[in-house]
Amino acid sequence: MTTSPQRAGKAPAWTSYGIDVVRGALIGTAETVPGVSGGTVALVTKVYDTAITSAGHLISGVVRTVSDLPRGKGMGRASEEFRSVAWRTIIPLLAGMFAALLIMASLMEVWVEEHPVQTRALFFGMVLASLWVPYSMSRKAPAKDSLGGRSPWTWKDGLVALVTAVVVYVLVSLPPGDLEATAPVIILSAAVAICALVLPGLSGSFLLLTIGLYQPTLSAVNDRDLAYLGLFALGAVIGLGSIVKVLQWLLEHRKRITLVVLTGLMAGSLRALWPWQTEERGLLAPGDHLGMALTLGVVGFGVVVAVMVVEARMTRKQETTPAA
């Protein structure tokens, strides 16, 4: 994973803030599309580790504040956690993400409804190309019996990825549900959906669609339904608190196998993005809008490859440029 200037402790250029706002906007946009994971976009744009680690420190800081202050222990431990958050990255990232969610919710609601084949084709190509990111990162992460450096997948790695892909494939094959948007349902659904946000390959929007709350949630965002959004935010906080610390530990102590699993997650999720499906998510042979679907699939694939090539060149340039 590339370490940007702000993550290395140096003052970032203003362009770095702008880039992180764009990254956040891409993540927010992805979360409005059923089948596309914001975590996948975070991986591709190289902010996944930073986001998960910072979220973990933020949660720890809040927990220590709540536990230490009433007992008169002050803010020492909490402040240490808060200082470990990469605020220079996280604040512009969140700004871009929430702005995109507000702007794209109404646009995606129409686009997904009126052009489902074209929408899925575009993102199928993007996610397919994105598989290279966790795969290549996992090969750079040392295996248990390795002294470090690049290490190709073993048959065990391949088996873990395959089993994960099959499980996700089955999960995203489930037909859409239709639950009533009661307070407990909204909170539980938000907790599940926000967990999907931080897991590349699982789409929060897709899980909401499976539960039957995708349309109500988009409508709540568009209509500024504060009661619904408040319950959803509560569920999101509960979900984040339950999974982020686990992911933070896994990325710090079991990075290779975690990335292998994430590769399988993304591969299995491609089932949800097959362009031709019935309303009950049954797969169909290529049919309507074939030419446009192929074109958009290639465009989506090419855009992600171009981003990865540019990022790789920038990384090599930074590594070969002498420090000032």
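Trainee: Are R256 and D157 buried or exposed?
Mentor: This is a predicted model, and the two residues meet through their side chains in a salt bridge, with 2.9 Å from N to O. The cut-off for the term is under 20% relative accessible area. R256 and D157 are both buried.

Trainee: Which helices does the pair R256 and D157 link?
Mentor: The two residues are 99 residues apart, and the pair links distant parts of the chain. D157 sits in residues 155-171 and R256 in residues 255-269. The helices are α8 for D157 and α13 for R256.

Trainee: How many salt bridges does a search of the whole structure find?
Mentor: One of them joins R256 and D157. Another joins D20 and R23 at 2.8 Å, N to O, and R64 and E81 also meet in one, at 3.1 Å. The search of the whole structure finds 3.

Trainee: Where do D20 and R23 lie?
Mentor: Both residues are buried. They are 3 residues apart, about one turn of the helix. Both lie in helix α1, residues 14-31.

Trainee: How many residues apart are R64 and E81, and in which helices do they lie?
Mentor: Their side chains meet in a salt bridge. The pair links distant parts of the chain, with R64 in helix α3 (residues 48-68) and E81 in helix α4 (residues 76-83). The two are 17 residues apart.

Trainee: Which residues make the nonpolar surface patch of about 900 Å²?
Mentor: One member, V163, is found in helix α8. V163 is partly exposed, because its relative accessible area is 45%. The patch is made by W155, L159, L162, V163, V166, V167, Y169, V170 and L283.

Trainee: Where is S173 found, and which residues is it in contact with beyond its neighbours within four places in sequence?
Mentor: S173 is found in the loop between α8 and α9 (183-197). It is partly exposed, because its relative accessible area is 21% and the cut-off for buried is under 20%. Leaving aside neighbours within four places in sequence, its contacts are R271, E280 and R281.

Trainee: What separates the C-alpha atoms of S173 and R271?
Mentor: The two residues are 98 residues apart along the chain. Their side chains make a polar contact at 3.2 Å. The C-alpha atoms are separated by 7.3 Å.

Trainee: What is the phi of R224, and what is the phi of H289?
Mentor: Most residues other than glycine have a negative phi. R224 lies in the loop between α11 (214-223) and α12 (226-253), and H289 lies in the loop between α13 and α14 (290-320). Neither residue is a glycine, yet phi is positive: about 55° for R224 and about 60° for H289.

Trainee: Why do R224 and H289 count as partly exposed?
Mentor: The class lies between 20% and 50% relative accessible area. R224 falls in it because its relative accessibility is 47%. H289 falls in it because its value is 46%.

Trainee: Where does UniProt place the feature "transmembrane region"?
Mentor: The feature comes from an unreviewed UniProt entry. In the model, residues 259-277 are 58% helix and 0% strand, with end C-alpha atoms 29 Å apart. Residues 289-310 are 95% helix and 0% strand, with end C-alpha atoms 31 Å apart. UniProt places the feature at residues 85-105, 117-135, 186-214, 226-247, 259-277 and 289-310.

Trainee: How many helices and strands does the protein chain have?
Mentor: Buried residues make up 46% of the 324 residues in the chain. Among contacts with a separation of 6 or more, 77% are between residues 24 or more positions apart. The count is 14 helices and 0 strands.

Trainee: What is the accessible surface of the protein chain?
Mentor: Carbon and sulfur atoms account for 70% of that surface. The total comes to about 16500 Å².

How values were computed:
Residues are numbered from 1 along each chain as its sequence is written. This is a predicted model: local features need pLDDT of at least 70, side-chain atom pairs count only at pLDDT 80 or more; totals for chains, interfaces and linings use all residues. Side-chain values use heavy atoms; hydrogens and water are left out. UniProt positions are given in the numbering used here, feature names are shortened, and annotations may be inferred rather than shown by experiment. Helices (H or I, at least four residues) and strands (E, at least two) are DSSP runs, numbered from the N terminus. A salt bridge is a side-chain nitrogen of Lys or Arg within 4 Å of a carboxyl oxygen of Asp or Glu. Buried means under 20% relative accessible area, exposed over 50%, partly exposed in between (1.4 Å probe, protein chains only). Patches are made of residues with over 30% relative accessible area and no salt bridge: like charges are joined within 9 Å, nonpolar side chains (Val, Leu, Ile, Met, Phe, Trp, Tyr) within 5 Å. Accessible areas come from the Shrake-Rupley method with a 1.4 Å probe; for residues, only the protein chains shown count as cover. Contact means heavy atoms within 4.5 Å. A polar contact is a pair of N or O atoms within 3.5 Å; within protein, one must be able to donate a hydrogen and the other to accept it, and residues adjacent in sequence count only if both atoms are side-chain atoms.
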